[in-house]
Amino acid sequence: MTTIIIIIIAVVLLAALAKIFMKGSSSDKKEASSDSDKSTSSKEKENKSSSVIKKAMSRSADIGVKSTDLFRPPPEPPFFSGRKEEMKKIIALASTRPAVVGISGFSGVGKTCLAITMIGNLTPQFPGNRLFIDMQGESPNPPSAEDIMRRIILKFHPSQTLPSDNKKLAKLYRAALKAHKGILILDDAFNADQVKPLSPPSSWLLMFTSTKPILIPKMIAINLEPLEILDSHTLLNQLAPEISPAIKEIAPICKGISLSLEVIGRLFAINSTMAPDYFAKKFIEERKNYGEDEKGNLIDGVRAALSLCYRMLPENTTAVLRKLVIFPGSFTANAVSFICEDPKNLSLTGLEKYGLVQYNLNNNRYYLHSQVKNYLKPLLTPGERGVAERRLATEFMNVLESAHFHVEKG
């Protein structure tokens with residue numbers, strides 16, 4: 001009997017232990033399953049993230065900065081009027097050495113157009129290289145003279161090790177230029193500290209533009225005034241011959257500023273079915289939105305021209321135009337297509353025709369004039385900016401990946 005009781009107790013204990021064991025085993029399985037699920041979920045997230053990154057990286061980064069293209073000046077403007085006296089002065093005095101020409105004036109008055117036009121006139125005296133560099137004088141953080149030195153040294157000697165000491169860097173910069181000759185154009189310079197250290201050897205002509213006058217030793221200073229009224233008429237007629245009946249009403253509003261004249265001329269040429277008198281009336285009304293027309297008030301003439309053009313653009317085109325302000329410098333058509341959501345670049349092509357976006361045929365890149373950028377900045381909504389900046393970050397990641405690939409290849 002005792003034996004039977006002992007056996008029964010043993011069976012009960014074994015059953016209890018088996019139940020505990022099975023529960024533990026089931027719990028372990030659940031925990032393992034849970035851990036597995038978590039691991040699978042984590043892997044799925046990682047794979048999804050990796051897929052997004054790979055997708056971004058797989059996009060062909062159209063950097064467009066080959067050493068042969070990066071420094072090429074824009075082509076000569078197809079429409080150009082006036083400036084004969086200034087051109088004569090530059091040609092006459094550029095024979096002195098060192099040859100340094102500084103062109104200053106209101107933003108949009110035509111300084112860059114004059115500098116580019118002068119290249120052909122000065123070629124007999126300064127054959128060879130043509131280096132054009134945007135100094136970004138109106139940006140919050142323009143490049144330093146040392147930054148520009150590094151770019152130019154690497155243009156001539158891509159594998160050159162650059163010293164950290166600025167004096168050694170300057171010496172290397174002058175040595176790199178001394179082996180060559182040509183014309184160096186520093187467009188939209190900020191101040192003398194940015195320009196003076198970049199003075200090249202005497203075999204070069206240095207020409208720089210700036211909004212405010214910049215004075216450095218032995219330079220030829222040109223203070224560019226707005227175009228005379230007859231030169232303004234000539235430029236408008238070149239851009240839009242049909243505008244003639246209302247040219248006396250339209251030209252004075254532009255105040256002789258080349259940018260205003262070009263935008264208005266192109267705008268009318270595209271809308272040439274509009275009666276010139278009616279177009280002039282719309283432009284006069286737009287100008288009144290900025291207050292009374294005071295003599296010499298140049299900025300309001302520019303704003304009126306940009307505002308009239310902006311109002312006459314299709315809505316989808318203005319959306320693309322606003323987003324262009326997030327680019328820190330020049331940009332490619334591919335970048336606009338992705339960042340500004342302009343798939344076939346139809347809006348970009350239209351904006352170029354209107355003169356709101358400038359195109360450098362020599363390096364296949366686009367850019368916004370600083371006046372256009374300043375006009376557009378307050379029009380860009382926070383939502384538009386957020387989306388565009390995220391897309392810009394993706395594009396930059398792609399550019400960095402391409403740059404890394406080329407560096408790895410040597």
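Start with the contacts across the whole chain. Among contacts between residues at least 6 apart in sequence, 70% join residues at least 24 apart. This is a predicted model.

The chain comes to 17 helices and seven strands. The accessible surface is about 22,500 Å², and carbon and sulfur atoms account for 57% of it. Of the 410 residues in the chain, 41% are buried.

**Stop 1: the cis peptide bond**

Select Arg 97 and Pro 98. A cis peptide bond joins these two residues, with omega at about -5°. Show the cartoon around Pro 98. Pro 98 sits in the loop that runs between helix 3 (84-93) and strand 1 (99-104). As background, most peptide bonds are trans.

**Stop 2**

Most residues other than glycine have a negative phi. Two loops are worth a look here.

Select Lys 255. Its phi is near 60°, a positive value in a residue other than glycine. Lys 255 belongs to the loop between helix 9 (247-254) and helix 10 (258-270). Is Lys 255 buried or exposed? Lys 255 counts as buried, because its relative accessibility is 18% and the cut-off for buried is under 20%.

Next, select Glu 341. Phi is positive at this residue too, near 55°. Glu 341 lies in the loop between helix 14 (333-339) and helix 15 (346-354). With a relative accessibility of 40%, Glu 341 counts as partly exposed.

**Stop 3: salt bridges**

Show the charged side chains. The count comes to nine salt bridges.

Begin in helix 10. Select Arg 266 and Glu 262. Their side chains meet in a salt bridge, 2.9 Å from N to O. Both residues lie in helix 10, four residues apart, which is about one turn of the helix. Glu 262 counts as partly exposed, at 22% relative accessibility.

Now select Arg 322 and Glu 384. What distance, N to O, separates the side chains of Arg 322 and Glu 384 in their salt bridge? The distance is 2.6 Å. This pair links distant parts of the chain: Arg 322 is in helix 13 (residues 315-323), Glu 384 is in helix 17 (residues 382-409), and the two are 62 residues apart. Check both ends for burial. Arg 322 has 14% relative accessibility, so Arg 322 counts as buried. Glu 384 has 16% relative accessibility, so Glu 384 counts as buried.

Stay in helix 17 and select Arg 385 and Glu 389. Their side chains form a salt bridge of 3.2 Å, N to O. Both lie in helix 17, four residues apart, about one turn of the helix. Arg 385 is partly exposed, with a relative accessible area of 30%. Glu 389 is partly exposed as well, at 39%.

Finish with a group of three. Select Arg 287, Asp 300 and Arg 303. Salt bridges that share partners join Arg 287, Asp 300 and Arg 303 into one network.

Methods:
Residues are numbered from 1 along each chain as its sequence is written. This is a predicted model: local features need pLDDT of at least 70, side-chain atom pairs count only at pLDDT 80 or more; totals for chains, interfaces and linings use all residues. Side-chain values use heavy atoms; hydrogens and water are left out. Buried means under 20% relative accessible area, exposed over 50%, partly exposed in between (1.4 Å probe, protein chains only). Contact means heavy atoms within 4.5 Å. Accessible areas come from the Shrake-Rupley method with a 1.4 Å probe; for residues, only the protein chains shown count as cover. A salt bridge is a side-chain nitrogen of Lys or Arg within 4 Å of a carboxyl oxygen of Asp or Glu.
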